[in-house]
Structures are given as C-alpha cells and as structure tokens.
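Dear colleague,

Please find the structure below, together with the findings that I was asked to pass on.

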Amino acid sequence: MITRDRWAELYRLEFPRVYRALLAVLRDRDRALDALHDAFAAGLRRPPAEDADLAGWLFVVAVRSARRGFRPPSLRLERLARSRGTDEIEALLDRLEVGRLLAGLTERQRAMVVAQFYLGLDHREIAKHFGVKSGTVSATLAQAKARMRAEVRNAS
Amino acid sequence: MLPELGIERAFQRDLDLLPLPPEEAWVPAARHGYRLAVAAAVAGVTAVLIVLILSSITGDRTGVGSPELRVTPPPRPTCVDGGRICIAPVPIMHRHPELGYNLWLPGDWREASASSGPSGDLLDRRVFTPRTADEETIATAANGTPAWDLIVEVWRRGERSALEWARAGGCGGSEPSLAATCHLETQTLRGAPTVVTTVSFLDRRETKTYYIDRGERLLILRYVVDQAIGRPAHVTEETFDQIVRMIGLV
C-alpha cells in the first residue's frame, strides 16, 4: 500500500505528463485540472496497491472523473471567466500535428491513443486500467489509427 | 500504415509543448470545485457526527480545563479502516523552499499570526495552527508557547551540532524545575540526521522538538501538548507525528 506522503510525491512527479495527456484528450484546461485533482483525491482515499505505472492509473481515474463530471449553473460565470485559457489550449492543439490528428477522434479513442503513444501503456495495461477486454482496446486503437491515417492523407 | 515509433516521438514532441498550470495549482488545495466542496461538506458533517458519537460514549475530553475553547469541528480528514482510507479535505502543501522545507498540513490548518521574521541567528519562525484567529489567543500554554500548534524555526546552526542544540534547548534547558522527565534520541528524518527531545512537565505539559541538521542551518520543529489547554477537535499527537514525517526537505 502506498503511504500518503509517498502518494503526494508520486503525484507531483507524474503531474506534468498526466496533465498534458489529459489536455490532449479533453482539450479543456479546467476539465483536465479538475479531473486530475479528483484522481489525486481518489488516491488519497484509496491509493493504488503499488506505485508501478502510476501515470496510467492517474490518467484513467481522471478520464473517468471527467466523463462523470459536471458543473452546476452557479459556476457558469467562473467557467466563462476561465474559458479564454481553454480556447488557447484548443488553438495550440490545432497548431500541433498531433493535436490535429487527435481532434478527429472520439474522446474514448483519444484516451486510448494517448495512453499508448504518450504514456507508453501497452494494450494489456490499457485494457486493465479502462476495465475492458484487450480485444476492445485493439479494435478501438485500430479504428483510431485508421482515422488518423485518413487525416494524414487528407492533409498531404 | 503509420510508423508507430514515429507516432510516439511525434506525441512526445507535440504534447510536451502543452503548458502546465502554475505549480501551486497542481495539488488541489486552492480549488473550489463543486464536488470537492461537497466532499468537504460531507466530511465535515461526518466529522461532527463522529465527534458527537464519541463524546456520548467516552465523555467530551476535547475541552478539558478550558470550557471556552469549544470549537466547531472543521472538515478535517475523516479516516476509516484504521486510517487507511481518508476523505477530504486534502492536505495543503505549505512551500518554503527558501527556508529549506515544505510542509503538508491538514486542509484547514493555516499559518498563525505568531509567525515572525529573522532575529539574530533565528532566520525564520512560523507557527501553524488548526485554530481560527479568534481561538489563537486562548490557546497559549503557561510558558507562552502556543499549545497544539506546530512551530517551525530555521536557525543559523553555527558551531554547535544538532545534539548540542537539543541539549541546550530541549533537555535540561529552559524549565528544569518543572521538568519531570527528559528523553532524547537520534534518528533520521527524510534522510537528515535529527535529534528528537521529549520533555514532560509536572503540570501535564509535554514539548516534543525535532532538531534537523541541514548543514549551515538547523531546522527546529516543536509542538506543545498541554492538557490544560483544550485540544482542537481531531488534533492528536499522531497528527503532529504525521506532519513531521511528511516534511519535505529541500
């Protein structure tokens, strides 16, 4: 079992990589930060059994949290005030080759593609973290890659 | 077919360009998100219920000798399963890299007004408290040291070793007439040689002090347990022990 102080250390260590992965998937700075904070809190309540592949654990818990997440109407003003930063992230992603490729995918496809190509998880690890069969991962990634290939062809 | 090695490199190259938020936003301390607020509220209600239940079972020992210090339990970490599972609020990191340390404190702790700046060889002195500003004034122990607060001092070490500092200031030091017992031990804290003194006084006070050798500096962490001063709800010696063990030395 990971202790609380060890958890905090690992979290800070992995934050940059996981946060950027979430930005690529969610394309929203606030959602990414909120989701990662939720993952941090989840780890405080019930830390993963071991600290191997913590980035993958944080990433998937955050992605799930982002899917569940919502903002109540009372926070709309805050969201509007912060939306400029999110627009900047979207604009930056649109300027990046990888950002443009990911834009054509569904959020679920993006999550698995980023998990594989940016966080370095293999199919088995992705399946384990996302709670799906390895075949589902393979199929999702195959569809995503086909779409990205089409995007590359269109661009060229 | 896309060359996968090329894809990985492209992902690394592009996504590493995405900007990070300010480091103080990495840990959810300053966030006021809806669900965190709900979690904190739930934790607060749970904490109050637990306190009420425990009080009804064991009698209220949190305000012994100090009936005016009955505080409303704030939303502290509520732990179950022997402390293995805790819920919000999450700890807040108090960063003082210029002084050589970072502290993880419970989310509702704050820096008290008793903190002070440099004075001679004392480079910095900070007091961290679980109390509100109004409660600060009635929480001072007989010797003027705030009880149930954490005091962190940074000293210019000079020629004296941590052990000599401990002997001078912790054991056999300031109040020998009231000191009943004095225990001194050496240990390693986060890789740093540390001397720990525990001085128990006849008037039910106990002072625990950590002298951490940081080269030219000496970091001193101290807290006073005073049974004559009402203990803030949910703060125990274990709380201080955890804070000390989680200190970051930079």
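B:R217 is partly exposed, because 19 other C-beta atoms lie within 10 Å of its own; a residue counts as buried with 20 or more such atoms, as exposed with 12 or fewer, and as partly exposed in between, with C-beta atoms placed from the backbone. This is a predicted model, in which local features need pLDDT of at least 70 and side-chain atom pairs count only at pLDDT 80 or more, while totals for chains, interfaces and linings use all residues. Residues are numbered from 1 along each chain as its sequence is written, and chains are lettered from A and ligands numbered from 1 in the order in which they are written.

B:R217 belongs to strand β11 of chain B. Helices (H or I, at least four residues) and strands (E, at least two) are DSSP runs, numbered from the N terminus. Beyond its neighbours within four places in sequence, B:R217 is in contact with residues including B:G100, B:L123 and B:W155; contact means that the two C-beta atoms, placed from the backbone, lie within 7 Å. B:G158, 59 residues away in sequence, is 7.8 Å from B:R217, C-alpha to C-alpha.

Strand β11 (217–226) also takes part in the packing of helix α5: the buried residues of α5(B) pack against β4, β7, β10 and β11 of chain B. Those buried residues are B:T239, B:F240, B:I243 and B:V244.

Chain B as a whole has five helices and 12 strands, and 34% of its 250 residues are buried.

Yours sincerely
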